[in-house]
Amino acid sequence: MSNRTRLVAVLLAALLVLGVLLAAVLPRGGEDGDESGDETSAQSADLSGIPDVVAVVNDEDITRDEFVAIYEPQFEQTAGQAEMSGEPVDQDQLKQETLDLLIDNRLLVQEAESRGLSATDEEIDELLTTYATNSGVESPEEYLAQLEEQQDLSADEVREQIADGVTVQSLVDDEIGDAPASEEELRELYDQAVAAQGEGAELPPFEEVREQLEEQVRSQKQQETYQSLVDAAREDADIETHL
């Protein structure tokens, strides 16, 4: 999987499941908060030459701090994988891919806001509680404190990034609508899975995996809709990049 494909997958997983942009608000290291990931590779993230404003999207700045908050954890993950293959990370490529995805996200937030879509405080608070629980901490306050210590992200910055995720999710849902997956779509996906299974493998009957198939169809529609929205937004956007 290419860096661009993996980054898109990470972004979609973050945004389209009511998450946050990439790994920006996820604590580094393991559940105990260790930073062993920093020791997995001799190569370090090169942050030299990154300007205070890395891009301007329809008169809105994407700042160096926003970029670094995304790039550093993404680099650490990529570097760990690259070390196993013995090849260094292409940081120029990774930086460009990260910037492109930040721009895409900003464009979709702008489009969502133009439709009157936004995140509520209740939605943000609910997700903070979920993230805290999933991270093994007792409260959203402890989770935010951990992020500030490990990622140098203030509570306001974390809430803004969560709000972006909720807002983009709302935009994608608004575009897709509430129509359920058709029987034809489900059967087609199931047939593809049957054809792709290895010799000797046997899938459960169709009806037993219907729910999972519905989720997969929805996920595919989300990814396709996300990309369509990005393509349309970029056509008319005024974008300046400085990276």
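The legends below describe several views of one predicted protein model.

View 1. The model is predicted, so local features are given where pLDDT is at least 70 and side-chain atom pairs count at pLDDT 80 or more, while totals for chains, interfaces and linings use all residues. Residues are numbered from 1 along each chain as its sequence is written, and side-chain values use heavy atoms, with hydrogens and water left out. The protein chain has 8 helices and 3 strands, taken as DSSP runs numbered from the N terminus (helices are H or I with at least four residues, strands are E with at least two). Along the sequence these elements follow the pattern α-β-β-α-α-α-α-α-α-α-β. Of the 243 residues in the protein chain, 40% are buried, where buried means under 20% relative accessible area, exposed over 50%, and partly exposed in between (1.4 Å probe, protein chains only). The protein chain exposes about 13300 Å², of which carbon and sulfur atoms supply 44%, and such areas come from the Shrake-Rupley method with a 1.4 Å probe. Among the contacts in the protein chain with a separation of 6 or more, 77% involve residues 24 or more positions apart, a contact being heavy atoms within 4.5 Å.

**View 2. Helix α3 against helix α8.** Helix α3 (residues 91-114) and helix α8 (residues 210-236) pack at an angle of about 85°, and their axes are 9 Å apart. This makes α3 roughly perpendicular to α8, a term that covers angles of 65 to 115 degrees. The α3 side of the contact consists of D100, I103, D104, L107 and L108, which meet Y226, L229, V230, A233 and R234 of α8. The residues of this contact of α3 with α8 divide into 7 nonpolar, no polar and 3 charged.

**View 3. R106 in helix α3.** R106 lies in helix α3 and is buried, with a relative accessible area of 12%. When neighbours within four places in sequence are left aside, R106 is in contact with V57, E60, D61, I62 and E66.

View 4. Side chains of opposite charge can pair when their charged atoms come close. The structure holds 13 salt bridges, each defined as a side-chain nitrogen of Lys or Arg within 4 Å of a carboxyl oxygen of Asp or Glu. In one of them the side chains of R115 and E111 meet at 2.9 Å, N to O. R115 counts as partly exposed at 32% relative accessibility, and E111 counts as partly exposed at 28%.

**View 5. The salt bridge of D121 with R159.** The side chains of D121 and R159 meet in a salt bridge at 3.8 Å, N to O. This pair links distant parts of the chain, with D121 in helix α4 (residues 121-134) and R159 in helix α6 (residues 155-176), 38 residues apart. R159 is partly exposed, with a relative accessible area of 23%.

View 6. E185 forms a salt bridge with K221, and the closest N and O atoms are 3.4 Å apart. Because E185 lies in helix α7 (residues 183-196) and K221 in helix α8, the pair ties together parts that are 36 residues apart in sequence. E185 counts as partly exposed at 28% relative accessibility, and K221 counts as partly exposed at 23%. Separately, salt bridges that share partners join E111, R115, D174 and E175 into one network.

How values were computed:
Axes are lines fitted to C-alpha atoms, for helices over the stretch in contact, and angles run from 0 to 180 degrees between N-to-C directions. Angles under 35 degrees count as roughly parallel, over 145 as roughly antiparallel, 65 to 115 as roughly perpendicular and the rest as oblique. Ala, Val, Leu, Ile, Met, Phe, Trp, Tyr, Cys and Pro count as nonpolar, Asp, Glu, Lys and Arg as charged, and the others, Gly among them, as polar.
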